[in-house]
Amino acid sequence: MIELPEANTLARQIEETLIKKTIKSVLVASSPHKFAWYHGDPTQYPDRLKGKSILSAEAAGGMVEIKLNHAHLLFSDGINLRFHQAGDPVPSKHQLLLSFTDGSALSASVQMYGGLYCWIDGDPFDNAYYLAAKEKPSPFNDEAFDEAYFLQILTNEKTMNLNLKAALATQQRIPGLGNGVLQDILWQAKLSPHCKVNTLSAEETYTLFLSLKQTLAEMTHLGGRDTEKDLFGKPGGYKVIMSSKSEGTPCPECGAPIVKEAYLGGSVYYCKECQRS
Ligand SMILES: [Zn+2]
């Protein structure tokens, strides 16, 4: 699943590749998928999109938003977005295919589940994940997402009694920060996913804040994690330390085997020696 670093990478690549391209044709829901979500009736998407040009793209948490003249396209974190040069084959299964006047195309396909939302200016779009991502400061915004803001998240009465996985990677407290990127953030901060927020010392909190900022920045700078693919189908350049491939391999810091546990709806990977619980 893409998260903040990959959503930012995809938005950048869309801006570098698709700006000013005009949509010639739209194929929507051509491969039926139980867990593909649309905004309103997908058969209206061609009318909303045909003849429009790509103006800009940006990440909204772990989602990618494309702005067109008087229309918006939003892809949630379970969507594979791929660019295809003119003449290149497009995937046989997809839930949205935009063909441009120059012969190139953008395909969107659902992995397990995901949203492909299209709406026109003035049409109310009230997706809670999207609104939260637009409203809350991004960790890449150093002025709004500063240490004081981070402390505010952790000292909230709903958060302070939680463990770090629940506090940081659930409930959209930090939109786009999910279980995937959390593993390396916690490893760098030497804290386990089980560690309770209310046991953190001031120093540990600051280390965690720095790790969150630096890890996300590095992942984004390198074009996302190598466990995810970009707009061109290539893995990102950030080598994930704590991933499904790490189970049982030696911790790069101390050599102890990395542990995998099912925890709060998803697997966590951590080092029992380096990361305190
Ligand atoms: Zn270790």
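Trainee: Which residue in S9 is the bridge partner of Phe-75?

Mentor: Leu-116 is the bridge partner of Phe-75. Keep in mind that this is a predicted model.

Trainee: Which strand contains the residues around Phe-75, and how does that strand pair with S9?

Mentor: Look at strand S5, residues 71-75. S5 pairs with S9 in the antiparallel sense, over five bridges.

Trainee: Which residue of S9 is the bridge partner of Tyr-38?

Mentor: Leu-116 again is the partner, this time of Tyr-38. Here the pairing is between S2 and S9, in the parallel sense, over three bridges.

Trainee: Is S9 largely enclosed or open to the outside?

Mentor: Count neighbours to decide. A residue is buried if 20 or more other C-beta atoms lie within 10 Å of its own. In strand S9, residues 114-120, five of the seven residues are buried, so the strand is largely enclosed by the rest of the structure.

Trainee: What is the strand order in the sheet that holds S9?

Mentor: The order is S2-S9-S5-S4-S3. This is an open sheet of five strands, and its pairing is mixed.

Trainee: Which strands stand at the edges?

Mentor: Strand S2 (36-38) and strand S3 (54-60) do. Each has a single partner strand, so one side of each lacks a neighbour in the sheet. Neighbouring strands of this sheet are turned by 15 degrees against each other on average, direction ignored.

Trainee: How many bridges join S3 to S4?

Mentor: Six bridges join S3 to strand S4, residues 63-68. The two strands run antiparallel.

Trainee: Now the helices. What describes two packed helices?

Mentor: Two numbers do the work: the angle between the axes and the distance between the axes. Take helix H1 (residues 4-18) and helix H7 (residues 202-221). Their axes come within 8 Å and cross at roughly 35 degrees. The crossing of H1 and H7 is right-handed.

Trainee: Which residues of H1 and H7 meet?

Mentor: From H1, take Leu-4, Pro-5, Asn-8 and Thr-9. They meet Leu-216, Met-219 and Thr-220 in H7. By class, this contact has four nonpolar, three polar and no charged residues.

Trainee: Where does Glu-203 lie, and is Glu-203 buried or exposed?

Mentor: Glu-203 lies in helix H7. It has 8 C-beta neighbours inside 10 Å, so it counts as exposed. Glu-203 also shows how to set sequence beside space. Glu-203 and Gly-115 are 88 residues apart in sequence and 40 Å apart in space, C-alpha to C-alpha.

Trainee: What is the strand order in the sheet of four strands?

Mentor: Read it as S1-S7-S8-S6. The sheet is open and its pairing is antiparallel. Strand S1 (23-28) and strand S6 (79-84) stand at the edges, each with a single partner strand, so one side of each has no neighbour in the sheet. The twist averages 10 degrees from one strand to the next.

Trainee: How many bridges pair S7 with S8?

Mentor: Four bridges pair strand S7 (residues 96-100) with strand S8 (residues 105-110), in the antiparallel sense. Ser-99 stands opposite Ala-105 in S8.

Trainee: Where is Lys-190 found, and what is its phi?

Mentor: Lys-190 is found in the loop between H6 and H7. Its phi is positive too, about 60 degrees, although Lys-190 is not a glycine. Lys-190 has 18 C-beta neighbours inside 10 Å, so it counts as partly exposed.

Trainee: Step back to the whole chain. How many helices and strands are there?

Mentor: Seven helices and eleven strands. Buried residues make up 40% of the 277 residues.

Technical notes
Residues are numbered from 1 along each chain as its sequence is written. This is a predicted model: local features need pLDDT of at least 70, side-chain atom pairs count only at pLDDT 80 or more; totals for chains, interfaces and linings use all residues. A residue is buried if 20 or more other C-beta atoms lie within 10 Å of its own, exposed if 12 or fewer, and partly exposed in between; C-beta atoms are placed from the backbone. Axes are lines fitted to C-alpha atoms, for helices over the stretch in contact, and angles run from 0 to 180 degrees between N-to-C directions. A crossing is left-handed if the near helix is turned anticlockwise from the far one by less than a right angle, and right-handed if clockwise. Two residues are in contact if their C-beta atoms, placed from the backbone, lie within 7 Å. Ala, Val, Leu, Ile, Met, Phe, Trp, Tyr, Cys and Pro count as nonpolar, Asp, Glu, Lys and Arg as charged, and the others, Gly among them, as polar. Two strands pair if DSSP finds at least two bridges between them.
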